Amino acid sequence: MKFCHILTLLSLATISLAALDGSRYLWYRQPAIEWEKGSLPIGNGRMGGTIYGSLDEVITINEDTIWSGPFQDRTPANGLEALPRARELLLNGNITAGGDFILDQMNAPESAKDERQFSYFGNLNIAFGHLDGIENYVRWLDTKAGNSGASYTYGDAYYTREYIASFPADILAARFRTTELGGLSLNASIFRTENTLENVASIEDGIAILTYRGSSGQPAEQGPILFSGQVRFVATGASIATSESTVIIEGATTVDLFIDIETNYRYPDPKELDAEINGKLAEAVDSGYDAVRDGALADSTALLERASINIGKSPNGLADLPTDERVRNARTRRDDVELTTLAWNLGRHMLVSSSRNTKAEIDFPTNLQGVWNNATTAPWGGKYTININTEMNYWPSMTTNLLETQEPLFDLMKLARPRGAQMARDLYGCEGTMYHHNLDVWADTAPTDHWRSASMWPMGAAWLVQHMIEHYRFTGDRQFLNETVYPYLVDVARFFECYTFEWEGWRITGPSLSPENSFIVPDDMASAGAGEPMDINIAMDDQLMRDLFRALLDAADELGVSDLNADVVKAREFITRIRPTQIGSLGQILEWRSEYAESEEGHRHFSHVYGLHPGSEFSPLNNETLARAAGISVDRRRDAGGGSTGWSRMWMINLYARLFRGDDAWDAAQAWFEKFMTEGLWNTDDGATFQIDGNMGFTSGITELFLQSHAGVLHILPALPNAISTGWVKGLTARGNFVVDIEWECGSFKSANVTSNMGADLTLRVENGTGILVDDKAYETTIHTRKGSQYKIIPIVPK
């Protein structure tokens, strides 16, 4: 029986290696050396783990409420009093003086300039004693199931490791096995660089336990974030011992690990916190690894298998190579199309792994690094940066059939709403709610970072609330619209009805800015020639306000709110007072109130064409003039070196897809592989430093090539690139709660199936107006669909 068991393990391992589909699996022939260049991410939304696959294993563990400290009231003391003077300076052309004044008086002082920052729990280090003589090494990540693993031979034995993140059990878990009876030994410990309160190893009822307690570092009276975690080791038949903070296991054949981390953010009572850990881990141990694994994979697979793409096979066996070799190839060649599919799948895996809705009162959305970080302070603070990055994280949730992953974003917005109301009153003297360009785990809405070109941007709520109304447009959830979306829209609208002021007959914003960009102060203003970001009447602000007030009116109409309702009356009047989009002398969308020269023509942000994507105002199907101007703007920015970060390049893909320029979108996607992607397919800022937004933006942008629904029509193959002439997609989602499968061949539409989940009206467009049959009848006008019905679409073949 033992011999048979060994053969079975070896057989399964061989099958697994042979089945590593290059469009589904990341895999490697060596361990990761650097965290961001090769470790593999797993997560259950609340907790994350990154797996090195080292011979002496390193698992970096995160929990989404381990941040750098308690809430801070960073409201600028003199901000409200300073507002009139700030506007006066900008209106009079004293741009630099105005910027100096605003930074000094309307921002938190330098000593309190930063919000709290995302941190980490620590590293679980596991030494196996296998440092030499390793053969047949493979490690992998399954983007369609969410698990990861490694395997190798050492001596005459075969060793396997598997790692899972269970959403149902709310824990991380792992299994280590060998084919040699009693041939597995290990030493395990937890390490963190600072603020350790307790780090011990113990044994209870034959189970080895590592317990670690840490702090965000403040004195107890300041209310630091306290966190506690346990790793429980089940090694039946093995020798188990401890030495201070190390678990020692010898003579095992199988070792199972179960991991949970909790904090006083959710469990202020220490007894309740400990009980939560004990309860989850005791239940997992009692259930056993196999049951936990089965539940975890069933859950994640149910989400990840909803949608798939197949855009062709890579030539010459490229997709059969290890992922790091494929990435190196992609730096100089563009024919590994299955690498695009793999990156698309990875973006969805990372979203599912870092953003899930639980029974907790507050779940947190994916931050700048998802739910993964290997330092006490993440790059850029690992915050929720809401002037593009957080929004980009959720673009694929809507179009790739993962709508429930967006719900933690609404939890953060629920937390931010009262904080934003307080900020609106204290800093602007207004009712309603608002927030600036970042939020943290406490939903701190104050201006942050003391950054001249980013901090004074009062538009965060106006952008994030678009995700609420879009969630409704995709789901048709009227209860959500009535109880959550509409009241939030009204609250944000009330702020802008108060905050904006009259200028040349329009209601405009100010002080504000076009995120992170700046202009050259013109000759007729003070400090001419200086590069400055702050002004009045920013183009993006106008676009966001139009979307906000249109959404409010649409929601009111859908809910049957009276036309005489005060909020509806105000919204209908206000929207007519927003300044129309201005077009410059080069035919471009103007980014500021006047045609200022740009400090950096190739800037990474595309804020002034928000109305193209993610908005719909500049869609070619809605306004050809504005679409043409938006296209000129995107081209100018690209040609001057724009798309200079990973996420910026991903925004570019989405923008070109919305312009129906599939080849330009595909070029932007391939440029991402050439510069911005690590060997682990993680997006980076500029070839280094992980930022998850680009991974999500990539998945969104590729999806937009095949299906769009923002312009009032379900548009099939709106931007198909020449490089992927044959393929199919399944399970994509469209507004109106439609699920869409599409097939194309030789560059032309072949067929589609549209399933109506709520019986919404269906208006169709295929390619650039291809004639179609729907259920064998010529399509002429909008179809009143039946809930649960499927509609077969094929092209009309000329006789």
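Select R175 to begin, and you will find this residue in strand 9, which covers residues 171–178; strands here are DSSP runs of E with at least two residues, helices are runs of H or I with at least four residues, and both are numbered from the N terminus. The model is a predicted one, in which local features need pLDDT of at least 70 and side-chain atom pairs count only at pLDDT 80 or more, while totals for chains, interfaces and linings use all residues. Residues are numbered from 1 along each chain as its sequence is written, and side-chain values use heavy atoms, with hydrogens and water left out.

Stay with R175, which counts as buried because its relative accessibility is 14% (buried means under 20% relative accessible area, exposed over 50%, and partly exposed in between, with a 1.4 Å probe and protein chains only).

Strand 14 and strand 15 form a hairpin with two residues between them, and E244 in the turn has a positive phi of about 55 degrees. Within this pairing, I240 stands opposite I249 of strand 15. Then select strand 10 (residues 184–191), which four bridges join to strand 15 (residues 246–252) in an antiparallel arrangement, with A188 standing opposite V247.

Further along, look for an open sheet of three strands in the order 24-23-26, paired antiparallel. Its edge strands are strand 24 (531–532) and strand 26 (597–598), each of which pairs on one side only. Strand 23 (residues 519–520) is joined to strand 26 by two bridges, and I520 stands opposite A597.

Finally, zoom out to the whole chain, whose secondary structure comes to 18 helices and 37 strands. Of its 799 residues, 62% count as buried, and the C-alpha trace spans about 85 × 80 × 50 Å along its principal axes.

Key:
Pairing = 2+ DSSP bridges.
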